[in-house]
4 protein chains.
Amino acid sequence: MSKMKAAVFVEPGRIVLESKPIPDVGPLDALLRVTTTTICGTDVHILRGEYPVAKGLTIGHEPVGVIEKLGSAVSGYEEGQRVIAGAITPSGHSNACLCGQHSQDGAGTPHGFRPLGGWRFGNTIDGCQAEYVLVPDAMTNLAAVPEGLTDEQVLMCPDIMSTGFAGAESGGVKIGDTVAVFAQGPIGLCAAAGARLMGATRIIAVDTVPERLKMSRFLGADEVVDFKSGDPAKTIRELTDGRGVDVAIEALGTQGTFESALRSLRPGGTLSSLGVYSSDLRIPLDAFAAGLGDNRIVTSLCPGGKERMRRLMSVIASGRVDLKPMVTHRFTLDQIEEAYDLFAHQRDGVLKVAIAA
Amino acid sequence: MSKMKAAVFVEPGRIVLESKPIPDVGPLDALLRVTTTTICGTDVHILRGEYPVAKGLTIGHEPVGVIEKLGSAVSGYEEGQRVIAGAITPSGHSNACLCGQHSQDGAGTPHGFRPLGGWRFGNTIDGCQAEYVLVPDAMTNLAAVPEGLTDEQVLMCPDIMSTGFAGAESGGVKIGDTVAVFAQGPIGLCAAAGARLMGATRIIAVDTVPERLKMSRFLGADEVVDFKSGDPAKTIRELTDGRGVDVAIEALGTQGTFESALRSLRPGGTLSSLGVYSSDLRIPLDAFAAGLGDNRIVTSLCPGGKERMRRLMSVIASGRVDLKPMVTHRFTLDQIEEAYDLFAHQRDGVLKVAIAA
Amino acid sequence: MSKMKAAVFVEPGRIVLESKPIPDVGPLDALLRVTTTTICGTDVHILRGEYPVAKGLTIGHEPVGVIEKLGSAVSGYEEGQRVIAGAITPSGHSNACLCGQHSQDGAGTPHGFRPLGGWRFGNTIDGCQAEYVLVPDAMTNLAAVPEGLTDEQVLMCPDIMSTGFAGAESGGVKIGDTVAVFAQGPIGLCAAAGARLMGATRIIAVDTVPERLKMSRFLGADEVVDFKSGDPAKTIRELTDGRGVDVAIEALGTQGTFESALRSLRPGGTLSSLGVYSSDLRIPLDAFAAGLGDNRIVTSLCPGGKERMRRLMSVIASGRVDLKPMVTHRFTLDQIEEAYDLFAHQRDGVLKVAIAA
Amino acid sequence: MSKMKAAVFVEPGRIVLESKPIPDVGPLDALLRVTTTTICGTDVHILRGEYPVAKGLTIGHEPVGVIEKLGSAVSGYEEGQRVIAGAITPSGHSNACLCGQHSQDGAGTPHGFRPLGGWRFGNTIDGCQAEYVLVPDAMTNLAAVPEGLTDEQVLMCPDIMSTGFAGAESGGVKIGDTVAVFAQGPIGLCAAAGARLMGATRIIAVDTVPERLKMSRFLGADEVVDFKSGDPAKTIRELTDGRGVDVAIEALGTQGTFESALRSLRPGGTLSSLGVYSSDLRIPLDAFAAGLGDNRIVTSLCPGGKERMRRLMSVIASGRVDLKPMVTHRFTLDQIEEAYDLFAHQRDGVLKVAIAA
């Protein structure tokens, strides 16, 4: 049995490059040879033991690769084809999928819904920080990379770009909207880019790290607010003459950003939440207009599936959005422990790393 | 100057029938002679001093009446016509209205939005628990009562029915949905009726008062859950084989109902909140899937305007929904203090009272 | 190799019961033993040679049955389970499916869309007017029949009910809408029932056959218009005081019904078209307000997939709609040629036939 | 009584600058001193007698100006303020407005809807090709011009930009869509710009005039197709590998463009029609998939109202879209007959003219 290298969760604090068998290919699967992948903030939560996964699991959910082998029931693809798959790999056939909620896929449950059910890579099945990864339900999930796009150009599509854009989409951004984005890490940056792509004409980004605020201006923001200079919700209300914003996107996962986002809304505005929270949230009575503000709070888990990936790659191919500057550091798979160390400690202005396998 | 009787807020604990001048009619107004009105739960909050209004204000926001006099710039109506107006009386011309958010009308603000801005009757201007009421922006707000409908048949349209139905509408109820409604007071009952009207095929209503659960079965619920018999969210998950509901409607305004509603949702489900809260809300981390459940929380303030009223009256006229049984007690305007006493103490199985002026 | 009886298209004018091999079961398929099926208007078009299919094809796309055998890659079902499958059997994994357009599934095409692609039974693969039928992509398509529902109760779900309801859904029917339905054959009857289920408060049905108009009143219509008594669009405008209807549903597929539906609309109204047309359509300039009426014309092909079937069966199970009276005649599979003869000639007040296999 | 100069429709073939009284200001009106206006293709239809208006009517529906006088019931504005008003001036209070269909405003009709009802300037009331124009329902319609924007920068907002953008909005353009726009006159150019602003990543524009194709590339198109080089629908299908486009926008008003747009659609695609047609339209059976293609045909009349104008001006102010290059020629009001002559004959590469009053 052939072996491959894979970044494996051993115990809290330790993700280690190990040798594992190259997996067998089931009828609906495809085996990818990974050419490039990356590390996500969620992987750091796993590393720290904050998000529990099985010991021995291969981590990683953002694969760019080449089809090595197709399952016996898979058609429409060729071995050798360059593809990506989303971080979320829905089956396509659950009741959740058939309702359009592919991220909550519960194939196998009697009712067809399961919380986070579509997130399998590096969560419930082996992920892609490895030489090879098995893609389940391949026909639903493999998307061919258009000619002319490099691995790094499409590396953000599987997760960061899909999630960030979903923040704008679930928020229902319309032409002429004013949008505030709270936190300008990779997801918040993509949310600002997505809001701009959908026609928002005034995008106010909130962070404090100078490099992020600079990148924010490059990717989409019209104005930036340093939350260390004062209450950002108050600043935003002043900037909008007391009106508030149409859509506020939360892209961090804390009480502070959630609450500021809520307080920034105009009556009838929408809070689109992308963050992964780690404790209960509080909705202040006044910020919520006692329930009478015609407000919406929406949450989004990264949309996956091949059609989503196709569309995101077309955004890149069209030149409308250029996310390559987000890749600030490059490593090989052999150096992945070093990459985790850099990324987990957010050293050296890191935004995203590229791991060439 | 002629005088009229009006129920006036004097101080916390006292709403008193007083004599006041019949108001002058501005160019865009209409003066109604009120024939029937009612008391709302919100009025009780005002009575108790929990919701502050100016001393001397006439209370009441659910008018059925006859046009006594039209403003000089008002066309399209006739004096003597039987009409209703919604609890919310939008101007029609604010930016909020032009966005479709008539309840947050901010006519007069530079940006056109104001929280609760559309709620004027018995809040920022004199209301309709009186012999006469001045309807602002009459052309936007007066809706002719179809022939053959009695005052009591349309008495719920201005507020309770519009609010309850909005719970189902904002929740996006679809054919075949399972919907839970938390609390079966007047608004919750209307929410259940609205969910049924939109095609929900399984409606689970939660309360504990036997008369309300009985009325609930009459108006829309397929099943009722007594929350005193155990955790209602747990019961609902069991009833749905672990799936949860598509839409949960909160119709009371407490942490308990809000949280139970959230815990009842399927992944991707919507919590439609109608309650008026009186303290901060807590979103438990697990009930919120840490922000990754593709859930929506939406709040609705009673939709107003003449087109809304026309549609609600057409529901009544068609016989699809019959809300008359909700009127459990009848009073004259002279007896309104007695009516407040009964309603505020929820004595004698009262659901809604009719006040004939 | 075992044999079964199947109604096969031989040549225009001849659909004949023949003996064919029971099909082999591929990894993603399920073999159903058909217990009840029916004949659709589309099958009559096939019989007459108006819609071309391959000679030797088994006809029929509305199966109620029992799982006989599951493909090797199919999970979540058991042999012996009572199920239905929709007339449209999407793969779940094409780009069209991932966009929510399961009826235009183009699995296998490079771009994932194909006109009518989701319609396979009795069109591009063998159908269900047979003792056995092979259901492709079984995990996307098989829906368990709830306990207590008979075959005839769910027999309309696969096509007629799904199509008719889609007329109301695609039309965007809202609470308080006035809806006109043109033609009250099986699909038009279901469209009226669907419009009622979604909250339309005035439903005007147009036909001329007395039995149909009677059934129409039973299933949903508030008023019926006999198109032989005068121009139905004119009548409808009069009935609505010159306003027109919010939604007009076309359920026949002729220039006359299409044009009358268009002429019945209020400014800004929606024409929801369900008919299968057999010639070019003309849009009269005046009926279309020269393109300035803010109108929508939407067409719908029967939605399929197991979630759709689950929802439709829940409508039946809830008692909200009862379509059993639409089954006017009953046959066995051995009598299917006789059933075609009756149905194709619309003799004896036939609405739908049930074929017990 | 003071007099002003106004371009008046005298008879087919003659729009003439005449002297007329400056109108009186009713309670809900505002009198604008027009500073800049333009001529629309519709005005040319009026000139030619193809669209009938009353003799003596002042033409023009795209005003930029300064508030000269406010009606007695108008608040929220100041005399001397720079404003625009949309080509469509809804009342805000009709049932159509309250449904969100402001362009079909039927204030004054019993039911509140009237075809094209919102279009009043230069159609049912005097327009703005004059020194002064009376704006009806001023509080619904006057939008303050943001500081720093010139008259010419906002001159396209009242009609061309609002209409063109509505083509993309009504088409439901999404991130990653492929959009075809048929004809690249002023409205088609704005439609392409609007589609780009909403996230379309491949925009294919069809025309034949080289200057228009060049402007098209500047404003939004990724690719241009010269319809004289072959069937544009065929070309578009080839460019999209047989898939077709998600949204096709018709921006001329002919059978040819309408039919090509329909033939360009993918299954499930949307035809968004902006053109003003002058004869019946034909829907070819095959282009319409016999009614089974899950297609939508939507028409849009220019959205108006102050909130729409505010949003469009914010697009300009943000620099997202720059329509100034569309103003190819400049005239004074005294030269307006000359301007009509140039524009009606489409001489000298004219796209839009600016008329300084």
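In chain A, among contacts between residues at least 6 apart in sequence, 69% join residues at least 24 apart; two residues are in contact if their C-beta atoms, placed from the backbone, lie within 7 Å. The model is predicted: local features need pLDDT of at least 70, side-chain atom pairs count only at pLDDT 80 or more, and totals for chains, interfaces and linings use all residues. Residues are numbered from 1 along each chain as its sequence is written, while chains are lettered from A and ligands numbered from 1 in the order in which they are written.

Chain A has eleven helices and 16 strands. These are DSSP runs numbered from the N terminus, helices being H or I with at least four residues and strands E with at least two. Along the principal axes, the C-alpha atoms of chain A fill a box of roughly 65 × 45 × 40 Å. A compact globule of 357 residues would have a radius of gyration near 21 Å, and the 20 Å of chain A agrees with this; the radius is taken over C-alpha atoms, and the globule rule is 2.2 Å times the number of residues to the power 0.38. Of the 357 residues in chain A, 64% are buried. A residue is buried if 20 or more other C-beta atoms lie within 10 Å of its own, exposed if 12 or fewer, and partly exposed in between, with C-beta atoms placed from the backbone.

Chains A and B share an open sheet of twelve strands with mixed pairing, in the order S10(A)-S9(A)-S8(A)-S11(A)-S12(A)-S14(A)-S14(B)-S12(B)-S11(B)-S8(B)-S9(B)-S10(B). Two strands pair if DSSP finds at least two bridges between them. The edge strands are S10 (223-226) of chain A and S10 (223-226) of chain B, each pairing on one side only. On average, neighbouring strands of this sheet are turned by 20 degrees against each other, direction ignored. Helix H8 (residues 232-239) of chain A packs on the sheet and touches S8, S9, S10 and S11 of chain A; its direction makes about 145 degrees with that of S10(A). Axes are lines fitted to C-alpha atoms, for helices over the stretch in contact, and angles run from 0 to 180 degrees between N-to-C directions.

| Strands | Sense and bridges | Bridge partners |
|---|---|---|
| S13(A) and S13(B) | antiparallel, three bridges | A:Arg282 and B:Arg282 |
| S8(B) and S11(B) | parallel, four bridges | B:Ala180 and B:Ala248 |

The contact between chains A and B takes 42 residues from each of them. On the side of chain B that touches chain A, strands S12, S13 and S14 of chain B each supply at least two residues.

Chain D also meets chain A: 16 residues of chain D are in contact with 16 residues of chain A. Helix H10(D) gives the largest share of the chain D side, five residues. A rotation of 180 degrees with 0.0 Å of shift along its axis superposes chain D on chain A (RMSD 0.0 Å), and the two copies are thus related as by a two-fold rotation axis. The superposition is by least squares on the C-alpha atoms of residues with pLDDT of at least 70 in both copies. D:Met198 is the residue of chain D that comes closest to the axis, at 2.1 Å (C-alpha).

D:Ile236 lies in helix H8 of chain D and counts as buried because it has 25 C-beta neighbours inside 10 Å.
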